[in-house]
Amino acid sequence: KSGGESALPDNGLRLSLVYYINPHWDPESGYNGGGLDVYLSDPTMAPESASVARKAKKLRIAPHADTLAIFLSERMAHQVVETNSKERWYCLTMWCFDHLAMSNFAPQVSQRQRTMQQGSDDEYE
């Protein structure tokens, strides 16, 4: 992954599957949000940052019944679209991880935090 020093370490997330199960969802009866936005950045590599990814065109996936979205999580920036209704909508989500990268994530984040803390402590000496 690219992204420089501000980028988080690799969390191991590789593949996301989202399956919507909402037969009552009807965009004609007043749109109340919901679904998934997938940013159409270059799928051959991870986006440099979230702000870079958000500049790409996006595809909104509606939360209608029997809708399945499968995408490479680390390469396709995405976000859940908030629902603006009291009606309950459902989806099943499955994430596939790289075990080694996932097990290294927490120690790498902790090390990064310690390094950042030491840097801020140095400013006050």
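Author: Two strands count as paired if DSSP finds at least two bridges between them. With that in hand, and bearing in mind that this is a predicted model, one can begin with Val38, whose bridge partner in E3 is Leu59. The pairing to which this bridge belongs joins strand E2, residues 36-39, to E3 in the antiparallel sense, over four bridges. Strands of a sheet pair through backbone hydrogen bonds, either parallel or antiparallel.

Seen as a whole, the sheet is open and has three strands in the order E3-E2-E5, with antiparallel pairing. Strand E3 (58-61) and strand E5 (78-80) stand at the edges, and because each has a single partner strand, one side of each is left without a neighbour in the sheet. Neighbouring strands of this sheet are turned against each other by 15° on average, with direction ignored.

The loop that lies between strand E1 (13-20) and E2 holds Ile21, and Asn22 has its place in the loop between E1 and E2 as well. Ile21 is partly exposed, since its relative accessible area is 35%, whereas Asn22 counts as buried because its relative accessibility is 0%, the limit for buried being under 20%. Leaving aside residues up to four places away in sequence, Asn22 touches Pro63, His64, Ala65, Trp89 and Tyr90. Tyr90 also takes part, together with Ile21 and Leu92, in a nonpolar surface patch of about 290 Å².

Conventions: Residues are numbered from 1 along each chain as its sequence is written. This is a predicted model: local features need pLDDT of at least 70, side-chain atom pairs count only at pLDDT 80 or more; totals for chains, interfaces and linings use all residues. Side-chain values use heavy atoms; hydrogens and water are left out. Helices (H or I, at least four residues) and strands (E, at least two) are DSSP runs, numbered from the N terminus. Axes are lines fitted to C-alpha atoms, for helices over the stretch in contact, and angles run from 0 to 180 degrees between N-to-C directions. Patches are made of residues with over 30% relative accessible area and no salt bridge: like charges are joined within 9 Å, nonpolar side chains (Val, Leu, Ile, Met, Phe, Trp, Tyr) within 5 Å. Accessible areas come from the Shrake-Rupley method with a 1.4 Å probe; for residues, only the protein chains shown count as cover. A salt bridge is a side-chain nitrogen of Lys or Arg within 4 Å of a carboxyl oxygen of Asp or Glu. Buried means under 20% relative accessible area, exposed over 50%, partly exposed in between (1.4 Å probe, protein chains only). Contact means heavy atoms within 4.5 Å.
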